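Have the structure open as you read, and follow along residue by residue.

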Amino acid sequence: MAQDGPNEDRLLLARCGRGEPEAFDELYRRHGDALYAIAWRMLRRPEEAEDVVQDVFVKLFQSAPTLRVEYPLAWLRRVTANLCIDRIRRRGRGELQLVPEHPLPASRESRGAGFDLERAVGTLPERAREVFLLHDVEGFKHREIAELLEISEGTSKSQLFRAREMLRGALEGGTS
Amino acid sequence: MSDRPLDPRLREQIDRWRAETPPAPEHLAARVHAAIALENARRASQGKPPAPRREGAPVRWLAAAAALVIALLLGYTALNGGLPGTGGSVETVAGRLVVADALAAAEAAEREHARAIARLQEAAAPILLRAGHPDTPPEESARLLALRERIASVDAAIAEIETYLDTNPGLASARTTLLAAYMDKTDLLREVLVLAEENEA
């Protein structure tokens, strides 16, 4: 992820608004990995993560001519999270045909039966899991999470508390 | 209550998870690029003004990008067709049969579209020739020129996809894209005929 480039991002966004394909490419080059990582961790399916990143940039194409944001990366991250949440909801309604989740990295497999955060997160209740992922893993603020999940900030905080407590319990129990 | 600091052990686990997250696959950049190109072409074929391009940028890169994304998508699908642990030749064979059925259906649909397009094109050709003619009213001329440009854009995309299919005939997704392009062209040709009827009425 480019850390020092909101100005550069804004310039690129303006060029996207003028329909310059190279500007989309450059924004992808700067932030594609970061957006893919969010989708990968939230969805745990590489194919869906790719679909989401593609959809993010199509959405950017559609919005760019009128989009005015101070931090384009924040916008891209929000859209990514939003699309992931939408997919999670659709999965719950059985609207998505699911492919297998990605296998755990070999390094983790080799660590044996100790605590596995990813797996433990997967056992959390849906809302608590989403809030934990968005807040503690992806760094979103409670205000942003409240908007993304259409809940109050208080609910976001209480769900985070619940998730952390459950994960701490799993961690101390030594299993996921 | 959640404002309490995160348990450092959890923080360590999160950091590890983040570090283990793989980067985006290499083909995704081209896929995104082509998705933008297709979106631009779709916008143009729907009669909306395409996003402006810089002076001299060739129209055909859109179609080339479309072909590229098809190649990448299909290559990726092929690579993932036999997921580890799904075991088996049975699924693979069944999958091929489904693909073969879909391919035959797609080819039949393509032939049907090609025939319809040929008929429409025959009727539309003399009308399109009126674009820019001194006897043609300026408004009609402008609309015909715009339609001609959009048809040329779709034609370029069709040509690229057909060329790609010449060497990769078994790729069903590319055929789906080709069908969509045929339908776009059919719609545009019909629009030409409707325009002519309106002007004669």
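Welcome to the contact region of this predicted model. Across the interface of chain A and chain B there are two salt bridges, along with seven residue pairs in polar contact, both partners being at pLDDT 80 or more. On the side of chain A that touches chain B, the elements giving two or more residues are α2 (21-43), α3 (46-63), α5 (106-109), α6 (117-122), α7 (126-137) and α9 (153-173) of chain A.

**The interface in outline**

- From that list, α2(A) gives the most to the side of chain A that touches chain B, with eleven residues.
- The residues on this side of chain A comprise 23 nonpolar, 19 charged and seven polar ones.
- In terms of contacts, 49 residues of chain A touch 39 residues of chain B.
- About 4100 Å² is buried between chain A and chain B, and carbon and sulfur atoms give 61% of that area.
- Within chain A, Tyr28(A), Glu50(A) and Phe61(A) lose the most area to chain B, together 16% of what that side buries.

**A charged network that spans both chains**

- A network of salt bridges links Glu165(A), Arg168(A), Glu172(A), Asp7(B) and Arg9(B).
- Glu172(A) reaches across to Arg9(B) in a salt bridge, at 3.0 Å from N to O.
- Glu172(A) also forms a salt bridge with Arg168(A), where the closest N and O atoms are 3.6 Å apart.
- Glu172(A) and Arg168(A) are four residues apart in helix α9 of chain A, so about one helical turn separates them.
- Arg168(A) counts as partly exposed because its relative accessibility is 27%.

**Salt bridges within chain B**

- Arg115(B) and Glu112(B) join their side chains in a salt bridge of 3.0 Å, N to O.
- These two residues, Arg115(B) and Glu112(B), are about one helical turn apart because they sit three residues from each other in helix α4 (residues 89-129) of chain B.
- Arg115(B) is partly exposed, with a relative accessible area of 44%, and Glu112(B) is partly exposed too, at 42% relative accessibility.
- Asp155(B) pairs with Lys185(B) in a salt bridge, with the closest N and O atoms 2.7 Å apart.
- This pair links distant parts of the chain, with Asp155(B) in helix α5 (residues 138-167) of chain B and Lys185(B), 30 residues apart from it, in helix α6 (residues 172-200) of chain B.
- Asp155(B) is partly exposed at 28% relative accessibility, whereas Lys185(B) is buried at 6%.

**The overall count**

- Over all chains, the salt bridges come to 28.

Definitions and conventions. Residues are numbered from 1 along each chain as its sequence is written. Chains are lettered from A and ligands numbered from 1 in the order in which they are written. This is a predicted model: local features need pLDDT of at least 70, side-chain atom pairs count only at pLDDT 80 or more; totals for chains, interfaces and linings use all residues. Side-chain values use heavy atoms; hydrogens and water are left out. Contact means heavy atoms within 4.5 Å. Buried area is the accessible area (1.4 Å probe) that two parts lose on being put together, summed over both. A salt bridge is a side-chain nitrogen of Lys or Arg within 4 Å of a carboxyl oxygen of Asp or Glu. A polar contact is a pair of N or O atoms within 3.5 Å; within protein, one must be able to donate a hydrogen and the other to accept it, and residues adjacent in sequence count only if both atoms are side-chain atoms. Ala, Val, Leu, Ile, Met, Phe, Trp, Tyr, Cys and Pro count as nonpolar, Asp, Glu, Lys and Arg as charged, and the others, Gly among them, as polar. Buried means under 20% relative accessible area, exposed over 50%, partly exposed in between (1.4 Å probe, protein chains only).
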